[in-house]
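These are my notebook entries on what I looked up in the structure. I begin with strand pairing and then turn to a pocket, the salt bridges and the backbone.

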Amino acid sequence: VLNSEELDSSLVYANMKIRLPIEKQRVGSNTISIVYKCDYDKNGDGLYHSLRDDFTHSFHTQFEANYAKNAFPCFDQPDIKGRFRLVMFTPLEWVTISNEFEETLCIIGEGSYDSYMKAFDIPSSFLPEKQDTKILMTIFRQTEHLLPTYLFAFVTGEFVKFEAEQEKDLPPIRIFARASYLASEKNEAIFPECIRWTKVGMRFLQEYLHTPFPFSKYDQCFIP
């Protein structure tokens, strides 16, 4: 939909490109609304699905340098920047992280799927086949800074969180990993060291560049 006018996808979409008819565009601001489905990536680019040997699922993005278009429609070039606002629907026990902190966490129960989907203009065909279980809706704050598409990111799956003690000169620092990974004392011992060296690196760069860390938090996620 371009400026409230629905376009025929068979005429404007081909070879992973969407043509926006110039005669439908306005001088100044234009609004584009797109509903789409895409496959998960199998080579680590775009949106990648991982199923581990402990039968846990995770999804993560790898958009650098120009793979954001593999996951969602966008202007995938670094000189075009925007602010991103992410809404995720996941199984109840999953954790989702993105560029900004979570703004709202909401459990959607049986029989209430339709109302939430309509609120976000999501077609009913996107509803889960089984609507007899609860799901989690996570709404993230809009990114504070203008970002190119390759810097937008999210990770979701069955993770647990390790959080560093907050210090005045540094942003919140968090590490996420699978529970089965943390079950090993050897692996669990890695995280305090990761936190320590992350702080060392951040302080060095802030002093060297005379610039504070520009984002609201710093997350690391152990995908394996």
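**Entry 1: strand pairing**

In which sense do strand β6 and β9 pair, and over how many bridges? I found that β6 (residues 95-98) and β9 pair in the antiparallel sense, over four bridges. I worked from a predicted model, in which local features need pLDDT of at least 70 and side-chain atom pairs count only at pLDDT 80 or more, while totals for chains, interfaces and linings use all residues. Residues are numbered from 1 along each chain as its sequence is written, and side-chain values use heavy atoms, with hydrogens and water left out.

For the terms, strands (E, at least two residues) and helices (H or I, at least four) are DSSP runs numbered from the N terminus. Two strands count as paired if DSSP finds at least two bridges between them.

I then looked up individual partners. S98 has F154 as its bridge partner in β9. On β4 (residues 57-62), which runs antiparallel to β9 and is joined to it by three bridges, S58 stands opposite G157 of β9.

I also noted the side-chain directions in β9 (residues 154-157). F154 and T156 point one way, V155 and G157 point the other way, and all are buried. Buried means under 20% relative accessible area, exposed means over 50%, and partly exposed lies in between (1.4 Å probe, protein chains only).

**Entry 2: the second largest pocket**

I recorded a volume of about 710 Å³ for the second largest pocket. Of the 26 residues that line this pocket, S98, N99, L151, A153 and D219 are the closest to its centre. A pocket is taken on a 1 Å grid over the protein atoms alone, as an open set of points with protein on both sides within 12 Å along at least five of seven lines, and lining residues have an atom within 4 Å of a point. Grid points are joined across faces, edges and corners, and the volume is the space filled by probe spheres set on the points.

Which strands supply the lining of this pocket? I found that β4, β6, β9 and β12 (218-221) each give at least two residues. The most come from β12, with four residues.

By residue class, the lining divides into 14 nonpolar, eight polar and four charged residues. Here Ala, Val, Leu, Ile, Met, Phe, Trp, Tyr, Cys and Pro count as nonpolar, Asp, Glu, Lys and Arg as charged, and the others, Gly among them, as polar.

**Entry 3: salt bridges**

Side chains of opposite charge can pair when their charged atoms come close. The rule I applied requires a side-chain nitrogen of Lys or Arg within 4 Å of a carboxyl oxygen of Asp or Glu. The count by this rule is 10 salt bridges.

I looked up E167 and R203, whose side chains meet at 2.4 Å, N to O.

D169 lies in the loop between β10 and β11, 34 residues apart from R203 of helix α5.

Through shared partners, salt bridges join E102, R174, K217 and D219 into one network. K217 is buried, at 6% relative accessibility.

**Entry 4: backbone**

Most residues other than glycine have a negative phi, and most peptide bonds are trans. I therefore noted the following departures from that pattern.

- E64 and A65 are joined by a cis peptide bond with omega of about 5 degrees, and A65 is in the loop between β4 and β5 (87-91).
- N3 has a positive phi of about 50 degrees, lies in the segment before α1 (9-12) and is buried at 9% relative accessible area.
- S4 has a positive phi near 70 degrees, is also in the segment before α1 and is exposed at 72%.

**Entry 5: overall tally**

I closed with totals. The protein has five helices and 12 strands, and buried residues make up 33% of its 224 residues.

Key: On a 1 Å grid over the protein atoms alone, a cavity is a set of points where a 1.4 Å probe fits but cannot get out, and a pocket is an open set with protein on both sides within 12 Å along at least five of seven lines; lining residues have an atom within 4 Å of a point.
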